Amino acid sequence: MFKYLFAKNEDIPAGSAAVFFGFSSIVWFVVGTAMGSFNAAKLAFPDFVTGSEILSFGHMRQVHVLAVILGWISMAFAMAMMYITPALGNTKLWSEKLGVWNCFLWNVGLSLGLFLLWLGVTSGREYSDLPWPIDIVVIIGLLVPLGINVWMTIKTRRVQGIYTTNWFFAAATFMVVIVFTVGNAPEFFQLTGLTEAYLTWWFAHNVLGLWITPVAAAIAYYVVPKVTGNPLYSHRIGHLHFWSVVVFYSTPAAHHLMSAPLPEWLKSFASVEGVLILVPAIAFVSNLLLTMTGKWRMFVENIEIKFTITGVMMAIPLNMQGGFQQTRAINWYVHGTGWMVAHAHLALLGFSTFLEAAAVYYGLQTLLRRKLYSLGLANFHFWMLLIGFTTYWVSMTIAGLIQGAGKIYEVPYIDVVIAEHPYMIARWVGGTMVFLGNCVWLYNMWMTARAGTVIPAGRLPHELAYER
Amino acid sequence: MAFREYKVGARMFGLAFGSSMFITLYMPAVDIASVSATTTAMERQLAFGRVGGFSYEDPFLRGHGKPVTVDIVLDPKTGAAIEPTRAYVYTPEIPFPNGVRHPRILGELPSELSVSKGRMTDADEAQGAVFVVRETTREGISVPYIENVTATRGWTPEATLARADDKNRAFIGKGKIMFVREGCWWCHTMLPEQTQDWQYFGAPPMLGDFNGESPTAFGSDRKGPDLTHVGSRNSSREWMMLHFFNPRLVQPHSIMPRYDYMWGDVDADGRPIDYDAWRAAYDEYEAGNTIYPPEVPVPAVDSEARALIDFIINLK
């Protein structure tokens, strides 16, 4: 990677930036889930590692969250953008060198930010925990160069139209810069009080709604038609999805603060808009599942489709929860409980991770021109992720319902803690399975780069048989 | 090939996204900006100081650059007996809170009173200042304002500090930094839910309770009790001390981490704390080999633990 930082743009092999981003994202996924597993162990066994400021739960929880969001998820997105955008434009990435620098700065900036965060240098704002100098690094060093590369690649494309995936990529790379800039304004400009509280959740909501959800969906719009060979079921439903994301998903930020003393009109408005996120959700899920028509055997046989369609199907419970749990009728019961922790992991570890994993699996094989090293290990990874995640989600949902009941029946809090204990152990087991699965994945992708069957020119990776 | 064939789409995108941002950013901002600070908001920001997260004066969140809260019964200047008063002492170079720097944050009437009656804007960071929160009646309504008692009564920071012994000093601002840095708010919310929660954890905050405070650290993921009014439920310093050192001493089923490292090297009497010996003795106790757990050292005045206890006890 380093030798390309100062090479001429035309001397850098096409796809280098995407490959670096791909491997970086897997490494960050291993790191992030290792921290998640460690944190979960501390919740299950509070005296597990103790007496150290650096290894205390309060110092590590936010590092886990941001390592998976900015390390795993966002770098997998960057990887997907850097090979899908040119592929859909029948062109090369606008600047491979910018991409390589982007990946270098991403790893350096994120490592620095998380190191500081780990030491306790925090803004004290959930999801925007990074102190503001690091926020500026994230915007200028990570997000803006990515956006420039995506936009210029679309601009210099050699086909007439812009495919659905690229609408989402272009819009999301623009919106995420706005979200980071405005969402961190309380730190840049010392905004205080309810403005600070509201903007904290405005940021948290919009990072999910205008960055993670649309880009993950965009990946599915590419992978499913590409691998199955079926055309996208409906371009128009794709339109509906795109426009309803922009209109409905950008507005319900206040539903995260239903019990805060915010203006009532804002909470009511956010709640109604929050139900309307079912429009893009239903459009997305139906479009992708109908694209699978006639190719459902690939859901069982093909690892990329297995991951993608599992992720798409997870969008169903995700959005049924997301649409309704924020209404006043339900929010008072589940807010602030493990239910929300389960929901957040359904969004990031369920829905979006499965889609990104497919993009990284497929992209690395295509770019390296190597067939996946081992199908067995890939299936092992899939099932570790699925069973681990499901264990986590079910146990945390139950824990959340216990907390909710404890809340309304005014049970002494310690009794809730005692009742939750078995589920805290189950969450740790589930999270550890995800971590172990990811270690296997890293090995599998490394061996693919080293020893995978070479894919002949003109063939696609999924057309070749596995050797292992 | 340019984006030109997407002219309509690009404009529609601008309109849709722009409208969203107008409704979710501009309109709430205008609404929230019109809110007047309550007494609670003034007490909170005066006790916490300028900012509770990363800042120039305290980049590593060690609690530097924070005011001291004192409870006094004697006038610092004249020595005459006065009503018990809570004063916020800003020694020179301690940054003032946001409501003092930008009076507009306090809302129309409170900022006007703080400036005219309380002489708040006469305060100078280089000289230091002492503030108190007062209330007055305007058109039948009680309005709080901030009084700069250094200007109105001549209470200097040094003289005010001298009137309060250790028991009457609280390092609430430093404690808030500890609360943020140690991530207490990952498990303890500072915002009761709109439910029976109000009976268990107390009244929900009001619209103007946060003007000038940053970060608000409401928390979102509750794994322990809500702390909005914890000082009203439990005001025992000794209980807090045991609980922070090792929560299992007072609540065997607690899953809270131990915060013994916040005690630092020495206890209140200057004696070094032997953590290894303490843990070994505690393990004996936990195994049932001894009847009593080892003594928990009293935290030193300048320790982080002391500040955190001050902060928690004062969440009334």
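## Close-up views of a predicted two-chain model

**View 1. The largest pocket has a volume of about 790 Å³.** This is a predicted model. In it, 42 residues line the largest pocket. Five of them lie nearest its centre: His188(B), Gly224(B), Pro225(B), His243(B) and Met256(B).

**View 2. What kinds of residue line the largest pocket?** By class, 27 are nonpolar, 11 are polar and 4 are charged. Which element gives the largest share of the lining? It is H10(B), with 4 residues.

**View 3. Chain A and chain B share an interface that buries about 7,100 Å².** Carbon and sulfur atoms account for 64% of that area. On the chain A side, 85 residues are in contact with chain B. On the chain B side, 77 residues are in contact with chain A. The interface also holds 5 salt bridges. For the whole structure, over all chains, the count is 33.

**View 4. Arg258(B) and Asp47(A) form a salt bridge.** Their closest N and O atoms are 3.0 Å apart. Why does this pair join two chains? Arg258(B) sits in the loop between H10 and helix H11 (275-286) of chain B, while Asp47(A) sits in the loop between H2 and helix H3 (57-89) of chain A, so the bridge links one chain to the other.

**View 5. Glu53(A) forms a salt bridge with Arg181(B).** Here the closest N and O atoms are 3.5 Å apart.

**View 6. Chain B is divided into domain 1 (1-34), domain 2 (39-171) and domain 3 (178-313).** This view takes in domain 2 and domain 3. Their C-alpha centres lie 26 Å apart. Where they meet, 20 residues of domain 2 of chain B are in contact with 18 residues of domain 3 of chain B. About 1,500 Å² is buried between these two domains. Carbon and sulfur atoms give 51% of it.

**View 7. Arg44(B) forms a salt bridge with Glu213(B).** The closest N and O atoms of this pair are 2.7 Å apart. How many salt bridges cross the interface of domain 2 of chain B and domain 3 of chain B? The rule finds 3.

**View 8. The peptide bond from Ser214(B) to Pro215(B) is cis.** Its omega is near -10 degrees. Where does Pro215(B) lie? Look in the loop between H8 and H9 of chain B.

**View 9. Leu61(B) has a positive phi.** The value is near 55 degrees, in a residue other than glycine. Leu61(B) belongs to the loop between helix H2 (39-48) and strand S1 (68-74) of chain B.

Note on methods
Residues numbered from 1 in each chain as written. Chains lettered and ligands numbered in written order. Predicted model: local features only at pLDDT ≥ 70, side-chain atom pairs only at ≥ 80, totals over all residues. Heavy atoms only, no water. 1 Å grid on protein atoms, 1.4 Å probe; cavity = no way out; pocket = protein on both sides within 12 Å on 5 of 7 lines; lining within 4 Å. Points joined across faces, edges and corners; volume = space filled by probe spheres on them. Nonpolar A, V, L, I, M, F, W, Y, C, P; charged D, E, K, R; others polar. Domains from an automatic or database assignment. Contact = heavy atoms within 4.5 Å. Buried area = accessible area lost by both parts, 1.4 Å probe. Salt bridge = Lys/Arg side-chain N within 4 Å of Asp/Glu carboxyl O.
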